[in-house]
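The questions below work through a few residues, a set of record annotations and a pocket. Each answer ends on the value or name asked for.

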Amino acid sequence: ARDFYEFRYPFIKRASSFLSSSSFSSSSNDEVTYDYIIVGGGTAGCPLAATLSQNFSVLLLERGGVPFSNANVSFLRNFHIALADTSPTSASQPFVSTDGVINARARVLGGGTCINAGFYTRANSDFIRRVGWDARLVNESYPWVEKQIVHQPKLAPWQVAFKDSLLDVGVSPYNGFTYDHIYGTKVGGTIFDRFGRRHTAAELLASANPKMLTVLVYATVQKVLFDKSAGKRPKAIGVMFKDENGNQHQAFLTNNRRSEAILSCGAIGTPQLLMLSGIGPKAELQRLNISMVLHNEFVGKGMADNPMNSVFVPMTRSVEQSLIQTVGITKMGVYIEASSGFGQSQDSIHCHHGLLSAEIGQLSTVPPKQRTRQAIEEFIKRKRDLPREAFKGGFILEKIAMPLSTGHLNLINTNIDNNPSVTFNYFGHPRDLRRCVNGIRMAAKVIQSDRFTNFTKCDKPTVEKLLNMSVKANINLIPKHTNDTKSLEQFCKDTVITIWHYHGGCHVGKVVDPNHKVLGTRRLRIVDGSTFSESPGTNPQGTVLMMGRYMGVKILRRRLGKAAGV
């Protein structure tokens with residue numbers, strides 16, 4: 001009974017309960033098998049599982065716990081605390097790319113929707129065309145998500161001032177409240193309701209068929225199991241996972257050629273799990289003595305993260321907390337967004353870790369080699385010495401829309417709990433740097449606009465003063481260049497942070513086919529952002545949620561035709 005209350009839905013169970021009770025076994029000694037095993041109960045995995053369970057038995061395996069009773073996940077006011085929590089059971093698992101930018105990946109049922117800033121938008125129609133999806137089904141799949149978890153925001157004062165300033169500096173027209181991704185200034189959707197409570201992908205499980213779905217939490221999948229009969233393409237037959245007590249289990253697919261294991265572990269987890277399962281670059285697998293199932297040099301390649309830089313805006317009075325509600329979609333390949341009153345509040349500043357920096361761009365660049373204990377202590381001390389004003393302002397953020405710089409992901413060891421090594425090569429391509437400079441100029445104009453200075457009640461700051469404050473507020477452990485505020489290029493490179501929209505590593509045409517089946521294998525598919533070569537919309541969660549539903553419907557229709565009933 002305790003589990004039922006704690007986990008909200010009766011089909012969600014602890015991994016350690018596996019096989020001891022299951023709705024699919026006809027008798028106790030039969031081994032239970034599943035039509036679909038989905039690895040990763042995140043932004044794509046939850047809607048995918050809910051959809052496939054309408055007609056087939058589904059096992060959804062999630063390495064984290066549930067989000068429902070976690071106040072750090074549920075409330076807007078605690079957004080920054082979840083990201084700052086570096087304990088092993090946190091909903092957020094930090095990782096540092098080799099570029100030195102601290103980043104986060106989700107470790108909870110509901111995935112990134114549990115730890116993000118909540119902004120919801122659709123992709124533009126060009127993106128849908130480029131990925132070759134059926135526009136009609138796409139337009140049925142977005143509303144399926146929206147009806148269940150998306151809300152119209154109540155605009156915070158900071159967001160109103162930001163909207164007026166964007167229009168003032170020419171990011172027009174004003175498109176009002178819309179989910180659509182169109183040039184100009186708009187207010188988007190949010191997964192926070194008007195009480196500041198978050199609604200995550202895990203709530204989409206409410207529309208599952210409860211008799212056909214089993215969700216195991218604290219189930220860490222270590223590898224996909226294959227049948228490698230001679231002369232045939234490797235066939236996925238199940239997965240191996242460990243439960244919360246460290247005990248090993250195996251779960252198997254039904255003996256039907258249409259059964260599938262589907263990886264929805266995200267852009268970090270999916271390439272990592274593929275390699276640990278023996279699919280990836282031969283040399284990489286040999287280096288760690290992983291038995292090779294299939295050589296594919298492209299697994300883990302083409303990793304990209306949209307660089308973000310933020311300009312700090314001080315205020316003399318406290319400002320209502322707000323995450324992204326208004327966005328400016330410019331024609332120069334840059335998105336301008338804003339947040340206020342976060343991350344520098346008293347509770348977060350005393351968190352004992354070297355991860356927080358001012359605000360939503362909570363983390364700045366920390367070259368791994370300089371992350372000594374002493375450096376982190378220094379960082380925490382500097383945080384405490386910041387003037388009170390630093391906690392009262394907000395940030396104007398600019399994000400590069402489609403970075404040309406890409407990197408790669410490599411295994412460090414064979415332990416799935418450890419992060420792989422990831423390189424994004426921020427600003428490796430000169431066009432990305434040019435766009436950042438233009439974006440920072442635009443952000444500065446917004447802050448200098450009369451609409452904004454009337455709101456902040458501060459004198460119109462010079463660009464140099466703004467950037468100086470931003471370098472200070474964006475405290476990080478990277479050695480600062482004295483010309484930071486003179487050279488916008490240097491400012492971009494030194495203060496680059498992430499907005500957590502990383503993607504790639506299992507691209508279509510390289511690792512998966514257009515239906516997202518893993519090339520050279522049978523019964524294995526990938527449904528998540530690792531297949532993207534660009535991040536859709538200003539913020540990707542809407543499209544990843546939609547993709548889970550879309551791919552589920554596509555699979556059902558292909559398998560059952562009209563009888564699918566979806």
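The model is predicted.

Q: Is E534 buried or exposed?
A: Buried means under 20% relative accessible area. The relative accessible area of E534 is 13%, so E534 is buried.

Q: With which side chain does the side chain of E534 make a polar contact?
A: Leaving aside neighbours within four places in sequence, E534 is in contact with F127, R130, M402 and H503. The polar contact joins the E534 side chain, at 2.8 Å, to the side chain of R130.

Q: Which cavity has a lining that takes in E62, R63, V108, V221, W500, H501, G529, P540 and Q541?
A: UniProt, in an unreviewed entry, places the feature "binding site" at E62, R63, V108, V221, W500, H501, G529, P540 and Q541. From this set, E62, R63, V108, V221, W500, H501, G529, P540 and Q541 belong to the lining of the largest cavity.

Q: In which strand is the place of V221?
A: V221 counts as buried because its relative accessibility is 6%, under the 20% cut-off. Not counting residues up to four places away in sequence, V221 touches V39, L61, V239, M240, F241, L273 and I416. Its strand spans residues 220-227 and is β12.

Q: Which residues does P540 touch, not counting residues up to four places away in sequence?
A: P540 lies in the loop between β26 and α16. With a relative accessibility of 15%, P540 counts as buried. Beyond residues up to four places away in sequence, P540 touches H501 and S535.

Q: How many charged residues are in the lining of the largest pocket?
A: The largest pocket has a volume of about 450 Å³. Its lining has 21 residues, and R63, P88, T89, R107 and Y218 lie nearest its centre. By class, the lining has five nonpolar and nine polar residues, and the charged residues number seven.

Q: What separates the C-alpha atoms of I38 and E260?
A: I38 is found in strand β3, residues 36-39, and is buried, with a relative accessible area of 0%. Leaving aside neighbours within four places in sequence, the contacts of I38 include L48, L60, I262 and S264. I38 and E260 are 222 residues apart along the chain, and their C-alpha atoms are separated by 8.4 Å.

Terms used
Residues are numbered from 1 along each chain as its sequence is written. This is a predicted model: local features need pLDDT of at least 70, side-chain atom pairs count only at pLDDT 80 or more; totals for chains, interfaces and linings use all residues. Side-chain values use heavy atoms; hydrogens and water are left out. Buried means under 20% relative accessible area, exposed over 50%, partly exposed in between (1.4 Å probe, protein chains only). A polar contact is a pair of N or O atoms within 3.5 Å; within protein, one must be able to donate a hydrogen and the other to accept it, and residues adjacent in sequence count only if both atoms are side-chain atoms. Contact means heavy atoms within 4.5 Å. UniProt positions are given in the numbering used here, feature names are shortened, and annotations may be inferred rather than shown by experiment. On a 1 Å grid over the protein atoms alone, a cavity is a set of points where a 1.4 Å probe fits but cannot get out, and a pocket is an open set with protein on both sides within 12 Å along at least five of seven lines; lining residues have an atom within 4 Å of a point. Helices (H or I, at least four residues) and strands (E, at least two) are DSSP runs, numbered from the N terminus. Grid points are joined across faces, edges and corners, and a volume is the space filled by probe spheres set on the points. Ala, Val, Leu, Ile, Met, Phe, Trp, Tyr, Cys and Pro count as nonpolar, Asp, Glu, Lys and Arg as charged, and the others, Gly among them, as polar.
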